[in-house]
Protein chains: 4
Amino acid sequence: MQKITILIHCEDQKSIIASVTNYIASIDGNIIYLDQHVDADENVFFMRLECELRTDQWNLESIKAHFKMNLATKFNMAWEMYTLDQKPKMALFVSKYDHCLYDILGRYSAGELPLEIPVIISNHEDLESVAARFSIPFHYVPFTKDIKEIGEKAQLQLLEHYQIDFIVLARYMQIITPNLIATYKNNIINIHHSFLPAFPGAKPYHSAFKRGVKIIGATSHYVTEGLDEGPIIEQDIARVSHSHSIEDFIMKGRDLERMVLARAIKLHAERKTMVYNNKTVVFS
Amino acid sequence: MQKITILIHCEDQKSIIASVTNYIASIDGNIIYLDQHVDADENVFFMRLECELRTDQWNLESIKAHFKMNLATKFNMAWEMYTLDQKPKMALFVSKYDHCLYDILGRYSAGELPLEIPVIISNHEDLESVAARFSIPFHYVPFTKDIKEIGEKAQLQLLEHYQIDFIVLARYMQIITPNLIATYKNNIINIHHSFLPAFPGAKPYHSAFKRGVKIIGATSHYVTEGLDEGPIIEQDIARVSHSHSIEDFIMKGRDLERMVLARAIKLHAERKTMVYNNKTVVFS
Amino acid sequence: MQKITILIHCEDQKSIIASVTNYIASIDGNIIYLDQHVDADENVFFMRLECELRTDQWNLESIKAHFKMNLATKFNMAWEMYTLDQKPKMALFVSKYDHCLYDILGRYSAGELPLEIPVIISNHEDLESVAARFSIPFHYVPFTKDIKEIGEKAQLQLLEHYQIDFIVLARYMQIITPNLIATYKNNIINIHHSFLPAFPGAKPYHSAFKRGVKIIGATSHYVTEGLDEGPIIEQDIARVSHSHSIEDFIMKGRDLERMVLARAIKLHAERKTMVYNNKTVVFS
Amino acid sequence: MQKITILIHCEDQKSIIASVTNYIASIDGNIIYLDQHVDADENVFFMRLECELRTDQWNLESIKAHFKMNLATKFNMAWEMYTLDQKPKMALFVSKYDHCLYDILGRYSAGELPLEIPVIISNHEDLESVAARFSIPFHYVPFTKDIKEIGEKAQLQLLEHYQIDFIVLARYMQIITPNLIATYKNNIINIHHSFLPAFPGAKPYHSAFKRGVKIIGATSHYVTEGLDEGPIIEQDIARVSHSHSIEDFIMKGRDLERMVLARAIKLHAERKTMVYNNKTVVFS
C-alpha cells in the first residue's frame, strides 16, 4: 500500500473539493489527510491531501499521468505529487556561524528530518571540521562581489552534481545571485535574525537594542531578489528587557534562529508549504 | 443567499469526504470552509463545513430533512446544522468574583461575541450591580449542599424560561448538579484556574506556589460529573518566578482566566467544538 | 508604618548602591524590594526601591526633603518618591473603538488598577454611553487639524481641572499636540496595533496581512513627537496563519491591544517604569 | 581586574543589603550586578551579586577567607563564591535517546555553555558513536535494579576521577541512587517530558494525549528522592490540538526537552540558581 501527497493550487471553482475527493475515490484511494484554503481576495484554491492507495497497480509516474489527464488539466491546476519514500536532497550553505549548523546536523543525525544532506557549501573554511564530525562532504566555494560569476558557477555545478532539491542558508553571509534564485525558485530558505519586516538587513539585534523593543524575533523565509522580502514560512519570538545587553539579544536570538529554521526546513521537506503572491500557505 | 454550518461525526468510512462534498454540490452549495479530522485509534470521522446555498429554496427545516434523508442516515452520522443568524443563548453563572464577568460583558457589549446573554444567575447578590450596569436580568438563586434540590429546580426553571442553549460558569463557586449536567450535556463551560490536570480542585494557585512551578495556567472545559475532569476546550499559561507571591499568581491568573474563558465561549458559540471520548475536537 | 517607593537615575558612580542602602538604614527603613540596572553604554544607574519606615516621624514632604539633602544632591540624582496611598489620576482619551475602554473600565471596577479615572475625553460622542455605565464623567472635545488649537486648549483645561497625572490613549485616533506631549512628558501612553517598529502608522493589520507575517503584535509606548517612535513599555504577540483574514487579524489584535495596554497602565501606575534615551527601564 | 560572583542566603535581617554592599565597597569592588529576593513567608534573604575587584591583591582563597570573617559569619550566611574562570565540570548521563545529547554537545561545541564536559556515562552502548563524534570520553556503566550497587560504585568512581561538579540526566532512563543524590545534592539536573506536576512518571505524552490537553510541556528540575518532585528550574510549553497524534506530541516534546534542559544547564553553570525549601530562586 502506497502513500502519496498531493499539493494543488488553481482558480477557485465550483465543486472543486468534490471533484478531487471523487477522483481519489475513483482510484480506490483512502484520504488520510485533507486541508484546503481559499484566498477569497485572489480567488485561489489551495489543497494538500495525503492518501493511501489500496492497490499496487500504480507507480508514481503512472499515477501522475492519470491524475493530470483525469483531473489536473480540467481545472487548470498547478500541482505536485510525491511518494513518502522520496526524501528531498538539501544543500546547506554556511559561513562562519556554527550554531544553526550544529542544530540541523544534530536533528538530522537524530532522525528528525525527512531529507538527505549530501553537501555543505561554504564561503569560508572554518566549519569544515563540523561537517567532518558528521561525515558530510564539505566544499569551500569562495564568494565575494568581485568573483560572483565564478562563485555562482561553482555553486551551481555542486548543486547539480549532488542533485539538490532545495537549499538552506544557515546563517550564510553572502548574497545569492539572481540566477541561483531563479534556478531554485521557492526552494531556497533563509533565516533572518529579526522579526521581519522589522529590522531587515545587517545587524538587526543592534537595531532592536537601540529601539528598546521588549520582544525580539527570527524569521525564516524563501529567498527572493528583494533582500529579506521573500515569503515568510515561520517566525518566533523571545522576551527581552532593559537588563539584556546586545550580547544577550544575540545569545537569545541564536535559540530563535535554530528553532525557526529547523521548523521551516521540516515543513518544506514534508511538502507542507505552498507559495503564492509572495506569501506562504503552510498546512501544518 | 444563505450560509449554513454543518458538524458531523460518525464511523470513518470509505469515500465519506467525497460523499459529503458531492451532497453539497448537489444542492448547489458552495463550500467556503471545510475541516475534517480522523481519530485513527477510535476510527471516528469528524467534519466541520460552512457553505453558501446559492438558491433561496431552502429553510433550515427543509434542508435539515433533506440532509438527513439523503446523507446522514446512510452514514449513520451524528450531526448538527445551523444558520448564521441563530445566535445561541448563554446563561452566566457567577458567585463573587467579578473579573471574568466584566470581561465577558465588555466583549459582549463591544459586539465580539456571536451570542445572546438573556440572564445572569448567582448564588450571591454581590454582582447584581454589575449586571445592572450592562442591563442584563440578574437572578439570585441561593445554592448550598442543604438546599441543592431547591436551587437546582430554580436554576432549571430560569434556564427554561430564558430558553438557554448553554451555560458558562464564570468563576461560579458551587457544584453543578448531575441533573443539570445531564440536561446541558457538553453545554456547560467552566474555567478552572490551573493548568489541568495539574492542581484540580480548590486553591490551585496556592498549590502551584508551594510546588514552585515556573509557569501557571488556566483551563476551560466542559463540565462533567468528575470534578475538573471534563473535555478541555482551551488552555493558556503565563510565566512566574520566585519573585512572585501567591497574590501575584492570583493577579496574573485573572488575566489567564479571562482570556481562556473568552476564547472557549467564542469557539463554542461559533459551533467550532465537538466532544468525543472526553476530549474535544476544536476546528479553529 | 509607612511604605514608600523611590525611583532614582543618575550617572553610575562608585558605592552608589551602598550609599542608598545605608541611607535607608539610617532612617530606620526596611527594604522590601530593590532592583537596579546599569546602562553600561551610557554609564547611567537606575534603581527602584520599596521600603517600610518603622517610625511615624516622617511625612512624604519631610522625607523627601531629607532624602534630597542627605543623598540625592550629592549624587546628582533624578529621583521620584511616592507613598502607596497616592493613587495617580489617569485620563482616558478615546474615539470610537470601545474594546480597550471596556477592558480598562472593567479592570478598574474590579479593583485591579491602583489609580483613579476622573475623566474620559473623546473626539466623538459615540462612547458616552459606555462612560455612563461606569459612572465616569465624559467630555466631548472635537478635534481635527483645523481646530487643533481650540481642541488642545479644551483638553488642557479638563486635564488641569481633574488634576490628571497621566493620559492613556485607548485607541484615540487623533494626533496629540506637541504642547500636550511636552506638558505630559513620559506620561502619555499609547497602544499601537502592531509589533513596532514593524508597521507604524495607519492600518497596520492590513500591512501585516499583505506581508504574510506569521505573528502579529501590539505595542504600548510613551508618546513622543515622532509618530509611533516613543519608548516602548510593553509588547505582545499572537500567531496567525494563511487561514486568517484581515478581519481575523483585527479580532485577534483586539485581545493583544487590551492586554498590552492594561499591562502598561498597571506598570506605569505602580511606578515601575523609567524613561531614558528613548527606551524604558521596566522594573517588574 | 577580577570578576567574582557571590551567592548568599540567610535569615532576613535588618540592614543586610547595606552590609553586603558596604563590604564590597570596603574591598574596592565595583558591583556590576545585584539581585535579591526575600521569601516573606520563610523570612529568608537571597542575593546574587557580581562585582569587579579593582585591585589584584586577592586570589579566590584569600577573598573567601576575608568575606567569611568580615561578613558571612556575622549574618550566619550560607554562601558560595566563584571566579568567572572556574568552569564547572558536567557529566552527562544518557541512555538511548540522542536528541538532547546532540543538542547539548552542539551548544557546547558552539561555545555557548560556560562549562566543561569531561565524560558521558551511559547504561547502554548505543550513543558511544555520538560521543566519539564530539571526542568526549564515553563510559558504559550497566545499571539495573539487580546490580545497582555495582552500577552506583562505578558511577561514583568515574565522577570522582573526572572531578565532576554536577550531573545532567539527558533522558537517562534509570533511577539515581539515594547515595548519588546525596553526594550531588542540588547538583543533578533532570529533564522530565511533561509540565510537572501534571503527568509525573512514565509515558507522560501518552497520558497527556489521553487527557486531551491543549498544551504540552517539559520541566527541568533538581533530582531528589521523590520521583519528579525535585525543585523546578525551568519549564516551557507548546500548543497541541486534536489533530496531533501521540507521535506528534513526542516530536514536539523533543524540542521542548532540548530547550528546557539547555536553559537549566546554562542557569546552573552560570551560578544563577539557588535551592531552598524544594523550590528554586533563579536570578536570570
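Me: What area is buried between chain A and chain C, and how much of it do carbon and sulfur atoms give?
Reply: About 2,700 Å² is buried between chain A and chain C, and carbon and sulfur atoms give 55% of that. Buried area is the accessible area (1.4 Å probe) that two parts lose on being put together, summed over both. On the side of chain A, Arg211(A), Lys214(A) and His242(A) lose the most area to chain C, together 26% of what that side buries. This is a predicted model, where local features need pLDDT of at least 70 and side-chain atom pairs count only at pLDDT 80 or more, while totals for chains, interfaces and linings use all residues. Side-chain values use heavy atoms, with hydrogens and water left out.

Me: What makes Asp236(A) and Arg239(C) a salt bridge?
Reply: A salt bridge needs a side-chain nitrogen of Lys or Arg within 4 Å of a carboxyl oxygen of Asp or Glu. The side chains of Asp236(A) and Arg239(C) meet at 3.4 Å, N to O, so the pair qualifies. The rule finds four salt bridges across the interface of chain A and chain C.

Me: How many residues does each chain bring to the contact?
Reply: Chain A and chain C bring 33 residues each, where contact means heavy atoms within 4.5 Å.

Me: Why is Ala154(A) called partly exposed?
Reply: Buried means under 20% relative accessible area and exposed over 50%, with partly exposed in between (1.4 Å probe, protein chains only). Ala154(A) has 25%, so this residue is partly exposed.

Conventions. Residues are numbered from 1 along each chain as its sequence is written. Chains are lettered from A and ligands numbered from 1 in the order in which they are written.
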